[in-house]
Amino acid sequence: MAGEWLTATANTNMFTYEIAPVFILMENVVLTKMREIIGWKTGDSIFAPGGSISNMYAFLAARHKMFPGYKEQGLHSIKGQLVMYTSNQSHYSIKSCASVCGLGTENCVEVPSDERGRMIPSELERLILERKSKGHIPFFVSATAGTTVLGAFDPINDIADICEKYKMWLHIDAAWGGGLLLSRKYRYPRLAGIERANSVTWNPHKLMGTLLQCSTIHFRENGILISCNQMSAEYLFMQDKLYDVQYDTGDKVIQCGRHNDVFKLWLQWRAKGTEGFEKHMDHLMELSEYMVEKIKASSDKYYLLLEPEMVNVSFWYVPKRLRNIPHSPKRAESLGKITPILKAKMMEAGTLMVGYQPLNEIPNFFRNIISSAAVTKEDVDFLLSELDRLGQDL
């Protein structure tokens, strides 16, 4: 928070080294460290205003890499229909890329996922071949590391094999799950193979607890951002300046004025250290595991939908009248109807804030997220007991 206050006080634009020398150097240090954690010795990165824009940077870079003429010639440089792929559990911003960047949402193919919410690689390959048979050009796959609802991790190595086979760009949307890269205990097998990706979105303002906004996009290839986005505005990005102009980051991005998002993360990292972040990640995961154990120990009152891979714990509250009934689709339907009623009771009481949603054929269920380092086991105990108290008459 101190970093955010000082950033606002400085009110510094991040487009040239001349304007923001210290913050530009901080950005270089932090982003280099993050790439090393991903597993790259070189590469390129930038802060972006949210994971949705980070994902769009990956899309633009992938298209530029395959069709460098697109920058000047637009659609005329591509002889065929480009197609991109993502899981049916992915964040909506991936499909938004297809809309905003001219592909059309019909050419963002949703790949089926398994019962745990992970992309099925064999289905990905089948859908790639299906579009290739029509003369289309599959070029981009976005795998998810930590899906929004279930917190699922797509099998990166299997997907990377397919991308290499068909010469496609592999992007990993780790906006949510990227924080686990800092944990030796939980990084594997969830994020195994992430170093094989061409680009990675990673949002410190999610699991790492950095204040909004703080999103990063990383590329394995150095220079891809400047090649893709450079406009060479002579009134800002002159090449004969006193200093090394590679530190003028403004020409690497699609915006001009850019907020200083690095200082709060730099200061946080200096305070906690990498070891402190690891303990933070482990704490969040261990609390979620504790919640799962408590749910299982009270299986008459709660129904766990699946063993989570992350801090997303998906479950139903079971009222007394449904506790002695075997679980079935009909019972699930009843539990789904109860969920928004219980949510309303939470809001009226003001004691809890737990989200809910349906997923495909699954009726409404609760999705509890633990992302604050201040949460304790006592808080988890209170959450479950309070749900039971509020649901007594349902």
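## Helix H5 and its surroundings

In helix H5, which spans residues 92-100, the buried residues are Ser93, Ile94, Cys97 and Ala98, where buried means under 20% relative accessible area, exposed over 50% and partly exposed in between, with a 1.4 Å probe and protein chains only. Seen down the axis of H5, these buried residues fall within an arc of 160 degrees, so they line one face of the helix; the arc is that of the directions from the helix axis to the C-beta atoms. The face turned away from the buried side carries Tyr92 and Val100, which are exposed. Helices (H or I, at least four residues) and strands (E, at least two) are DSSP runs, numbered from the N terminus.

The cover over the buried residues of H5 includes helix H3 (51-66) together with strands S2 (82-87), S3 (108-111), S4 (137-144) and S5 (169-174), contact being heavy atoms within 4.5 Å. After H5 comes Gly102, whose phi is positive, near 95 degrees.

## Basis of the model

The model is predicted, and local features need pLDDT of at least 70, side-chain atom pairs count only at pLDDT 80 or more, and totals for chains, interfaces and linings use all residues. Residues are numbered from 1 along each chain as its sequence is written, while side-chain values use heavy atoms, with hydrogens and water left out.

## Nonpolar cores

A nonpolar core is a set of buried Ala, Val, Leu, Ile, Met, Phe, Trp, Tyr and Cys residues joined through side-chain atoms within 4.5 Å. The largest one has 90 residues, and Tyr85, Leu170 and Ile172 have the most contacts inside it. Helix H9 (residues 262-297) gives the most to this core, with 13 residues. Because domain 1 (1-259) and domain 2 (275-391) both give residues to this core, it lies between them; the domain bounds come from an automatic or database domain assignment.

A second, separate core of 30 residues includes Met84, Cys97, Ile224 and Leu225.

## Aromatic pairs

The structure holds 13 aromatic pairs, in which rings of Phe, Tyr and Trp (its six-membered ring) have centres within 6.5 Å, with planes under 30 degrees apart counted as stacked, over 60 as edge-to-face and the rest as tilted. Trp169 and Phe219 form an edge-to-face pair, 6.3 Å centre to centre with 65 degrees between the planes. This pair links distant parts of the chain, since Trp169 in strand S5 and Phe219 in strand S7 (residues 215-219) are 50 residues apart. Ring pairs also link Tyr302, Phe315, Tyr317 and Phe366 into a cluster.
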